[in-house]
2 protein chains.
Amino acid sequence: MIVVETIDKIREAVKGLQSEGKKVAFVPTMGALHNGHLSLFRLAKKHADEVVVSIYVNPEQFGPNEDFGNYPRNLERDLTFCKEEGISVVFTPSDEIMYGKGKKFLSIEIEELNDYLDGGSRPGYFQGIALVVNKLFNIVGPDVAVFGQKDYQQFQIIHQMVKEFNHDLELVMAPIERAEDGLALSSRNAYLSKEERELAPLMYNTMKKVVQEIQNGLLEPDSLLDKEQQQLETKGFKNDYLSVFSMNRMTPVSQLKKGETYLLAGAVYLGKTRLIDNIIFEC
Amino acid sequence: MIVVETIDKIREAVKGLQSEGKKVAFVPTMGALHNGHLSLFRLAKKHADEVVVSIYVNPEQFGPNEDFGNYPRNLERDLTFCKEEGISVVFTPSDEIMYGKGKKFLSIEIEELNDYLDGGSRPGYFQGIALVVNKLFNIVGPDVAVFGQKDYQQFQIIHQMVKEFNHDLELVMAPIERAEDGLALSSRNAYLSKEERELAPLMYNTMKKVVQEIQNGLLEPDSLLDKEQQQLETKGFKNDYLSVFSMNRMTPVSQLKKGETYLLAGAVYLGKTRLIDNIIFEC
């Protein structure tokens, strides 16, 4: 495994592999790697010969009151993790390498797709992600890129970007990896106190129950969703959103149709920790 | 020379050349080729082994009251021209291939660099150019791309995009090609009546005179520029702008500094035809 910090070196490494006829998959991460990332790496390996991982905490996707400063960072541990997983190249750029020193004049604007879910709650979040992923795609030049379903809205926006910007790669979505008690794995789970960690799986359990009710015939789930959110509040969660969304446009849907596929997605706070989760289901 | 219409085929052609170790230069055009394009092709050839040209009139960069419908198109003539110039591959995509049928959700926003000059006069113009050039870079994947100085603001915005989006290519600027009487070559010159064509070089002659005055020591040229614009109006021109701009930020400069490099740029109408021109000069 090689670890590179500069754009020239990551390009040299990836082009070197590709010139040997190797197919290269890319998994961008913000480090603080856990078993969720591991499942992405393994899926990446199924789609390619070599896997390249980037570790970069992108300041552009954090709001002024968000946890950029406190976001968990542990490069040495992450690199050990990558090595054990058979990653070929790890790209660990600095802010200066990613964004340079000068003023930025260009930005990527997103219509509609980021009006709700995390896009609605976190202004500038997906513009920041589109910006850095667009850069990383052009820097790394992979054949395949893997993102997790846990950030489904992110996947959908990047999917749209690949299409509209004509990035020359195949995009793959990895399923959500969960702890035994159902909690979706996340770097932010590290923030949870013991009590919060014990409470956390209730969110997913609630979401599974809602999907069950819908699949049993409840095609207007809004009042159930309201009731369940109230329940979560009484247990100690603070709700951000919990709704059914369309898969492509990422807009809330109140009246579901049999046979269609939807996304049930939620975001809550436990203390200061923000947790998100989702289920893709057929109605 | 091969002519291809689809994204798969242009990628196959360019990657084929590159896999033989050939360096590929790309010249995006809107067709209606003239000797100005020819000078771009020849410069491209100096920077690479093979030259790829795209011919595509991009609807996204025309305003609702601009000349998209009437823009000169003559593919057969253009292809003959390309063949004579030793172009290897010509990419002639349809609107559907470039933009698909579905709704577009993403756009590229530009700060400051497009506030003046053509960016100020033509809202959405450079967003449309950034959009299509970003797509073309990702579709074609060239090693070098060549743009003309005549659209200096376009060059500067694309230069900034290559930097901020990390496009993996070298950008080259070709000098302005002129008719014998000094008129900058442009596809839109074809719109000019005989009388307008005879009058047209006065714009460049005026600009040369202004640069001469500045280089003779006139460091606050605004009143001279006003006077010269009035002169042009009396001769039959309609002025859009004529100013000195900073080379990087594309903002007007009233107080020039000895030893600095600036852009004198102008846009006028002769009848319905819009003409632009510029001179890069050291003060």
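In this predicted model, A:Leu270 sits across from A:Thr273, a residue of strand 10 of chain A. This pair is a handy way into the sheet around it. Strand 9 of chain A, spanning residues 261–270, runs antiparallel to strand 10 of chain A, and ten bridges link the two. Helix 9 of chain A (residues 202–215) packs on the sheet, where it touches strand 9 and strand 10 of chain A. The direction of helix 9 makes about 25° with that of strand 10 of chain A. Helix 10 of chain A, residues 222–235, likewise packs on the sheet. Its contacts are with strand 8 and strand 9 of chain A, and its direction makes about 155° with that of strand 8.

Taken as a whole, the sheet is open and antiparallel, with three strands of chain A in the order 8-9-10. Strand 8 (238–246) and strand 10 (273–282) of chain A lie at the edges with a single partner strand each, so one side of each has no neighbour in the sheet. On average, and with direction ignored, neighbouring strands of this sheet are turned by 10° against each other.

The domain assignment divides chain A into domain 1, residues 2–174, and domain 2, residues 187–282. Between the C-alpha centres of these two domains of chain A there are 26 Å. Their contact involves 14 residues of domain 1 and 14 residues of domain 2 of chain A. On the domain 1 side, helix 5 (117–121) and helix 7 (152–165) of chain A are the elements that give two or more residues. That side of domain 1 of chain A comprises seven nonpolar, four polar and three charged residues.

The remaining contact to describe is that between the chains.

Strand 5 of chain A and strand 5 of chain B (residues 106–110) are joined in the antiparallel sense by five bridges. Within this pairing, A:Ile110 has B:Leu106 in strand 5 of chain B as its bridge partner.

Terms used
Residues are numbered from 1 along each chain as its sequence is written. Chains are lettered from A and ligands numbered from 1 in the order in which they are written. This is a predicted model: local features need pLDDT of at least 70, side-chain atom pairs count only at pLDDT 80 or more; totals for chains, interfaces and linings use all residues. Two strands pair if DSSP finds at least two bridges between them. Helices (H or I, at least four residues) and strands (E, at least two) are DSSP runs, numbered from the N terminus. Axes are lines fitted to C-alpha atoms, for helices over the stretch in contact, and angles run from 0 to 180 degrees between N-to-C directions. Two residues are in contact if their C-beta atoms, placed from the backbone, lie within 7 Å. Domain bounds come from an automatic or database domain assignment. Ala, Val, Leu, Ile, Met, Phe, Trp, Tyr, Cys and Pro count as nonpolar, Asp, Glu, Lys and Arg as charged, and the others, Gly among them, as polar.
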